[in-house]
Amino acid sequence: MIKRSISILSLALLASCGQSARDDGKTEITLMRFFGSCEAKFGQVVKASEGVGECGIITTLVNEFNATNTDGIVVRTQIGEWGPYYDQLTARLVAKDVPTVAVMHESALGDYVRRKLVLPLDADFERVGIDVSDFTEHAKRGTTFEGSRYALPFDTWAWLWHINTTLMKKAGLMGANGQPLLPRSPEELLAQARRFKERTGKPLFAWAVANETAANNRTFLTLVAQQNATLFAPNGKTIHMQQPAVTQALSLMQQLYAEGHIKPNLDYAAANQAFLNGEAGVVVVGTWTIDQFLRESQKADSPLQGGYAVLPFPQLFERKAVFADGHAWALFKGGAVDEKAHEASLKFLKFIWEHSAEWSRTGHLPVSQKVAESEAFRRLPLREGLAEITATGTGMPGNVPTQRAIELLIGEDVANLMISAKPVSEVQASVEKRVNLALKKARR
């Protein structure tokens, strides 16, 4: 997932998190988020259009709202660290120190909905003029539970191929149209990987495997979804690993690693760095690196100079599908001290929705169909080929609980499949046993 560092000063903000009464007639609400801390650079910037990167854009979005709203609303940001974010959030909920608004991964939102900790928002959205019919298909799925919407979608992020086109050209894997030739089957992928290695002396992939569970899980889920397979039971209570689609997905991942087409033993940071160093043709990672890789491709001394492309994970089986998740903004029960604060939080959400095009500059994909179809979005570098993910993105069903824990269990076993050459059948049995036990405990 997205890796970030955060200052001790930013973490200290969590020690004084409650909404405070004001004597100046203003209404203060709290916003709990990750995305890093960059007050030194963007703390005084009040135009979201001048923000750069995830941290810069979310910081300036809040600054612009605070500077321009005419209702006396002040949004006070509280920054949590990405890794332990949900532990921090849960601790605050237990302590009755509830943020008014908090960012959530859509894959985590369902756990809080089932515990009745977040508010349904359909009536509020209609009242303040947030048009839910404009939500993309992926955004609708990610924020809707049992027919009700429980968060404002912020983005869709997905699993992509980031490509060094200079190396692909050397391998003879560029088309006449100047675009990389993507494989259309597992057999074609293996053939291209062998050709790439033979002609460049490098592996096709830099791909986080060591000390990494999310990447392994996302690639696995992508390959299963492309086969039209259903991994989880309709009620979300069990996982079914004993099926041909699972065997095919795991076998392909193991063969790629065993034949040396994935640079071995890389963690997340090392995989990205290997790609930037020109040590592999493709790094499989998410939308959030687009901005960084673009900047690198514009440096004269970079191995990526003038040779960077990014495309959705290619369709290797029956249908287009790629692992995707999203960030969303939820309102927590007890987070607004009164109705005035609740209304203030909705006005802030409407502002975020109306300015969602700014967030698309990070590399994340729009959750508004109008933004996704706009010329402004499609003019952003390399974005037009990614717009399809707003419809083809897929992940675990929303009724599967503790998805982050499930991701960890699957990812650990898939790592063993590749690094330790654990037999596919053993991985299938291990994942099924461990995940089903975790699901059983989650349902108690």
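The largest cavity in this predicted model has a volume of about 60 Å³. A cavity here is a set of points on a 1 Å grid, over the protein atoms alone, where a 1.4 Å probe fits but cannot get out. Its volume is the space filled by probe spheres set on those points, which are joined across faces, edges and corners. Searching the whole structure turns up two cavities of 30 Å³ or more.

Some ground rules: residues are numbered from 1 along each chain as its sequence is written. Local features need pLDDT of at least 70, side-chain atom pairs count only at pLDDT 80 or more, totals for chains, interfaces and linings use all residues, and side-chain values use heavy atoms, with hydrogens and water left out.

So what lines the largest cavity? Lining residues have an atom within 4 Å of a point, and among them are Trp-161, Phe-205, Trp-207, Thr-219, Met-253 and Phe-313. Helix H10 (214–225) and helix H11 (244–258) each give at least two residues to this lining, with H11 providing the largest share, three residues. Helices (H or I, at least four residues) and strands (E, at least two) are DSSP runs, numbered from the N terminus.

The second largest cavity comes in at about 50 Å³. Twelve residues line it, and the closest to its centre are Trp-159, Ala-208, Tyr-268, Val-284 and Val-285. Two or more lining residues come from each of H10, helix H12 (268–276) and strand E9 (282–286).

Here is how the linings divide, with Ala, Val, Leu, Ile, Met, Phe, Trp, Tyr, Cys and Pro as nonpolar, Asp, Glu, Lys and Arg as charged, and the others, Gly among them, as polar.

| Cavity | Volume | Lining residues |
|---|---|---|
| Largest cavity | about 60 Å³ | eleven nonpolar, one polar, no charged |
| Second largest cavity | about 50 Å³ | nine nonpolar, one polar, two charged |

Definitions and conventions. On a 1 Å grid over the protein atoms alone, a cavity is a set of points where a 1.4 Å probe fits but cannot get out, and a pocket is an open set with protein on both sides within 12 Å along at least five of seven lines; lining residues have an atom within 4 Å of a point.
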